[in-house]
Amino acid sequence: MQLLIRPRPFPDESLRGYIVRLSEANGYNDSKMLFRYLGLQKYNKFENLLIPKKSLDLTRLSILCSHPISVLQKLTLYHSLFDDYENEIEENIKHMIWRRGTCAHKQRICPLCLKETRYHKNSWELSLFTICNIHKCLLIDECQVCHKIIDPYRDSLSSCKCGFNYADSKVVIVESDDQQFLHKIFYRKVNLVKENLLIKLPLSHSVYVMITLAVLIRGQRRKDQINKLDEIVEVFQDWPNSFFQFVDKVRIQKGNPIVFSKLKTFFEEHYYNKKLKFIVKAFETYLEQYWKTGYSNKILISDFAYSKVSSKITATLKRQNAILNKTGLNRREVARSLGIGLDQIEMLQERGVLKPIGGVHLDGNPNWLYAEDMVISIIEAFDNNIRTQSDAKEEINFYNTLSWFMKYGLKLADLVESVLNSKLAACKKSTGIGLNQYYFDKNEVLNFLKNGMLTIEDISNILRIKRSSVERWVKFGYIKGTKTLRSGNFTLISHQHFSNFREEYIAAVEIVRLHPYIRSTEKLLRELGRFGITPCNEKIIPGDVYLLKKSGELLKILESQLGNLAKRLF
């Protein structure tokens, strides 16, 4: 099926804006109807169409509008920010840009652009953009009449629900060289950009750095992150002197010139990427040379106050030097290589998957080192066990695979060990960091976790009844649960126990399905009640299923009504 009106998407149009424009052009009163049909909205939750964690299925949209999927995929912000050559994009970069750097829950628009071209630009999805690069006016993000935010999934691209046309909004002209700088970087006009260290970074890393520094300047709350783009761009203009001045300003702004731990943690956690390591090195230089007085000599710290933090600075530099001269990987490097959390390293160490080879001691505390070959061997084991021929109906990524393991009461170490021992294998390898690049066959994972047992979901599918009814049968002891996980929310049942249940009980609805003239369980129970046969359980909620105990008398009654079909039930 194709829509009657199929407008061609503009090269710099946003995907969300295009779907709204497509919906409005074809007379939909509610654009959410189209989002739901396309599979991009489930219940009240919309798919992430800006920087999706998984590849978007745009097949239906492609059929409706008669445009190739490759053309539609280019409308996402992800395609604009992340170049094809960046095969391994760290999840923290993608997550930070999506969470702090996009207009995920509202949209910004230029009223003048909307009046001229009437489509929503992809660059407006990035929160760093506050000014239109064509008309030099502030972008608006709310209706100037009812003051409600501009809904990304609104019914009309250019009108608010109150009837106000966004194109008629009053505009404020603002000149900003740094906004123009950002636009030129975004649209790859690097030859027109003044010399700045940001232009030497991939676009995604440039945006990531600007967003994280905005968080540092304005605080963690989203509403406090008023773009101070001019300050951030200047940081990379005269490197590293401009960076030293920036650190001075941050320390003075925070009101505590001797703050150390927060800044140190911030730079180390956000800029450990190889392409951003130069920022951490510049901060270490600042620690060593300018911490007491500041680069601009505007920070005054007493000798007593400086003595409290000088030992920490010395320890930091000592640690960095020790790690640079080491012969193994520290915990943080292992975590990054495998794409897991720091808290998981200890679990892998307890299981013997990782074994420390020693470590430097700082202030009496061991900084464990691990053999690089050992970490590589884990990745190689995953590679070697990939099934070359896989007929997986549903593939799940490593994160979702781990989630299933945790539902069954297991941990990351159990998942890694199952692959190392060749009990489980990945079915595909994609882009990602460490273990996050592997996909598994969902059915194979579940079969491995069940270990030949049944779940409540399996039994409900076999009997074709509601899961809630099976849960109550287990709760009241009609079906014996062999193993209960996660405080009773997840139960495994052996085939023997299920077979015993089938030999002893029968669901009333199973009889109704085969009965020639009785079409409801209530009528069946009235009929059986005349012979003194009553259900074993009570009907607790509407839709609950009655259980009958199998007996010779019940078999005789059913044989008189069903004939040979009765034996199929016993």
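Biologist: In which loop is the place of Ser422?

Modeller: Please note that this is a predicted model. Ser422 is found in the loop between helix 19 (412-420) and strand 7 (428-429). Its backbone deserves attention, for Ser422 has a positive phi of about 60° although it is not a glycine. Ser422 counts as exposed because its relative accessibility is 54%, and exposed means over 50%.

Biologist: Which residue in the loop between helix 7 and helix 8 may be read in this way?

Modeller: His147 lies in that loop. His147 is not a glycine, yet it has a positive phi of about 65°. With a relative accessibility of 52%, His147 counts as exposed. A further case is Arg464, which takes a positive phi of about 60° just after helix 21.

Biologist: Which residues of helix 21 are buried?

Modeller: In helix 21 (residues 456-463), the buried residues are Ile456, Asp458, Ile459, Ser460 and Leu463.

Biologist: Which residues does a cis peptide bond join?

Modeller: The cis peptide bond is between Trp239 and Pro240, and its omega is about 0°. Pro240 sits in the loop between helix 10 (229-235) and helix 11 (241-253).

Biologist: Which parts does the pair of Arg16 and Glu125 tie together?

Modeller: The side chains of Arg16 and Glu125 meet in a salt bridge of 2.7 Å, N to O. Arg16 lies in helix 1 (residues 15-25) and Glu125 in the loop between helix 7 (111-116) and helix 8 (177-186), so the pair ties together parts that are 109 residues apart in sequence. Arg16 is buried, with a relative accessible area of 2%, and Glu125 is buried, with 1%.

Biologist: How far apart are the closest N and O atoms of Asp151 and Lys32?

Modeller: In that salt bridge the closest N and O atoms are 3.7 Å apart. The pair links distant parts of the chain, 119 residues apart: Asp151 is in the loop between helix 7 and helix 8, and Lys32 is in helix 2 (residues 31-37). Asp151 is partly exposed, at 28% relative accessible area, and Lys32 is partly exposed, at 21%. Salt bridges may also form a network, as they do in linking Arg351, Asp414 and Glu417.

Biologist: Which residues gather in a patch of positive charge on the surface?

Modeller: The patch of positive charge is formed by Lys277, Lys281, Arg331 and Arg332. Helix 13 (277-290) and helix 15 (331-338) each supply at least two residues of the patch. Arg331, in helix 15, is partly exposed, with a relative accessible area of 31%.

Biologist: How many residues has the largest nonpolar core?

Modeller: In soluble globular proteins, nonpolar side chains tend to be buried together. Here the largest nonpolar core has 64 residues, and those with the most contacts inside it are Leu81, Ile97 and Tyr271. Helix 9 (residues 203-218) gives this core its largest share, ten residues. A second, separate core of 35 residues includes Val353, Val375, Ile378 and Leu492.

Notes
Residues numbered from 1 in each chain as written. Predicted model: local features only at pLDDT ≥ 70, side-chain atom pairs only at ≥ 80, totals over all residues. Heavy atoms only, no water. Patch = residues over 30% accessible without salt bridge, like charges linked within 9 Å, V, L, I, M, F, W, Y side chains within 5 Å. Areas by Shrake-Rupley, 256 points an atom, 1.4 Å probe, with all protein chains shown as cover. Salt bridge = Lys/Arg side-chain N within 4 Å of Asp/Glu carboxyl O. Lys, Arg positive; Asp, Glu negative; His and termini not counted. Charge placed at Lys NZ, Arg CZ, Asp CG, Glu CD. Helix = DSSP H or I, 4+ residues; strand = E, 2+ residues; numbered from the N terminus. Buried < 20%, exposed > 50% of the residue type's maximum accessible area, 1.4 Å probe, protein only. Core = buried A, V, L, I, M, F, W, Y, C linked by side-chain atoms within 4.5 Å.
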